[in-house]
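Subject: Handover of a structure and notes on its contents

Dear colleague,

Please find below the structure that I am handing over to you. My notes on it come after the display.

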Amino acid sequence: MVNAEGAKHGEIRAHMPVVGSDGRPVGTVDHLDGDFIKLMRSDDASGGRHRWIPATLVAGLDGGVVRLSVPAAQAEDAALDEDEAQRRMTMDPDGRRGFGQPDSGGGGPHGSRAQAHGPRGTPQHPQESLPSSGSPGQVAPGTDAPRRS
């Protein structure tokens, strides 16, 4: 049997069955997803949805089977469904990393405007020149510099 440390280094493969410490089936590996094992949605217990179990529950590999350190029922309780996984990736700043996803830019803009801006929301295109009217000492909109008259 391969120990848990060896299992975390890429020996867990797609389509491997996952069983609890009690020998009861938990699911079938879809793929590794960061700190989680993503289970296939085609399993009977999945209800047609992906589930994620923490890779820390892996006790080792035994003859092509992923064996967990907890009984199947406890592994099911620890599993995340698609809604919970999505919530963690969007709400927690470090959540994406836990699922093997790159950070989303850390503090920059999000959504459809994110592509139009560079770091920290600064536009990547040049600003249009502003008319040079106004009182001396006033700050021009969008700049740190005083207006020139």
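The paragraphs that follow set out what was found, beginning with the chain as a whole and then turning to its parts.

Please bear in mind that this is a predicted model. The mean pLDDT of the chain is 74, and 54% of the residues reach 70 or more. Among the elements, the highest mean pLDDT, 96, belongs to strand β7 (residues 65-68), while strand β1 (residues 2-3) has the lowest, at 58. Over residues 106-111 the pLDDT falls below 50, and this stretch has 6 contacts in the model beyond near neighbours in sequence. Where pLDDT is low, the predicted coordinates should not be read in detail.

Overall composition

The chain has 149 residues, of which 31% are buried. Its secondary structure consists of 4 helices and 8 strands, and from the N terminus the order of elements is β-α-β-β-β-β-β-β-α-β-α-α. Of the contacts with a separation of 6 or more, 40% are between residues 24 or more positions apart. The accessible surface of the chain is about 9600 Å², and carbon and sulfur atoms account for 50% of that surface.

Strand β3 (residues 25-33) pairs with two strands described here. With strand β2 (residues 17-19) the pairing is antiparallel and runs over 3 bridges; within it, proline 17 has threonine 28 of β3 as its bridge partner. The hairpin of β2 and β3 has 5 residues between the strands, and glycine 23 in this hairpin takes a positive phi near 85°.

With strand β4 (residues 36-39), β3 again pairs in the antiparallel sense, over 4 bridges. Here histidine 31 stands opposite lysine 38 of β4. The hairpin of β3 and β4 has 2 residues between the strands, and glycine 34 takes a positive phi near 70°.

Arginine 51

Is arginine 51 buried or exposed? Arginine 51 lies in strand β5 (residues 51-54) and has a relative accessible area of 7%; because this is under the cut-off of 20%, the residue counts as buried. Its side chain has two polar partners to point out. One is the backbone oxygen of valine 26, which the side chain of arginine 51 reaches at 3.1 Å. The other is the side chain of glutamate 76, joined to that of arginine 51 by a polar contact of 2.7 Å. Leaving aside residues up to four places away in sequence, the residues that arginine 51 touches include Val26, Gly27, Lys38, Asp43, Glu76 and Leu80.

Salt bridges

How many salt bridges does a search of the whole structure find? The search finds 6. Side chains of opposite charge can pair when their charged atoms come close.

Arginine 49 and aspartate 83 form one of these salt bridges, with the closest N and O atoms 3.1 Å apart. This pair links distant parts of the chain, since arginine 49 is in the loop between β4 and β5 and aspartate 83 is in helix α3 (residues 82-91), 34 residues apart. Arginine 49 is partly exposed, with a relative accessible area of 32%. A network of salt bridges links Arg49, Glu82 and Asp83.

Aspartate 62 and arginine 67 form another salt bridge, in which the closest N and O atoms are 3.4 Å apart. Aspartate 62 is partly exposed at a relative accessible area of 33%, and arginine 67 is partly exposed at 28%.

Aspartate 22 also forms a salt bridge, with arginine 24, and the closest N and O atoms of this pair are 3.9 Å apart. The relative accessibility of aspartate 22 is 40%, so this residue counts as partly exposed. Arginine 24 is likewise partly exposed, with a relative accessible area of 47%.

Glutamate 11

Finally, glutamate 11 is found in helix α1 (residues 4-11). Its relative accessibility of 34% lies between the cut-offs of 20% and 50%, and therefore glutamate 11 counts as partly exposed. From C-alpha to C-alpha, glutamate 11 and valine 66 are 9.7 Å apart in space, although 55 residues separate them in sequence.

With kind regards

Technical notes: Residues are numbered from 1 along each chain as its sequence is written. This is a predicted model: local features need pLDDT of at least 70, side-chain atom pairs count only at pLDDT 80 or more; totals for chains, interfaces and linings use all residues. Side-chain values use heavy atoms; hydrogens and water are left out. Buried means under 20% relative accessible area, exposed over 50%, partly exposed in between (1.4 Å probe, protein chains only). A polar contact is a pair of N or O atoms within 3.5 Å; within protein, one must be able to donate a hydrogen and the other to accept it, and residues adjacent in sequence count only if both atoms are side-chain atoms. Contact means heavy atoms within 4.5 Å. Two strands pair if DSSP finds at least two bridges between them. Accessible areas come from the Shrake-Rupley method with a 1.4 Å probe; for residues, only the protein chains shown count as cover. A salt bridge is a side-chain nitrogen of Lys or Arg within 4 Å of a carboxyl oxygen of Asp or Glu. pLDDT is the predictor's confidence in each residue, from 0 to 100.
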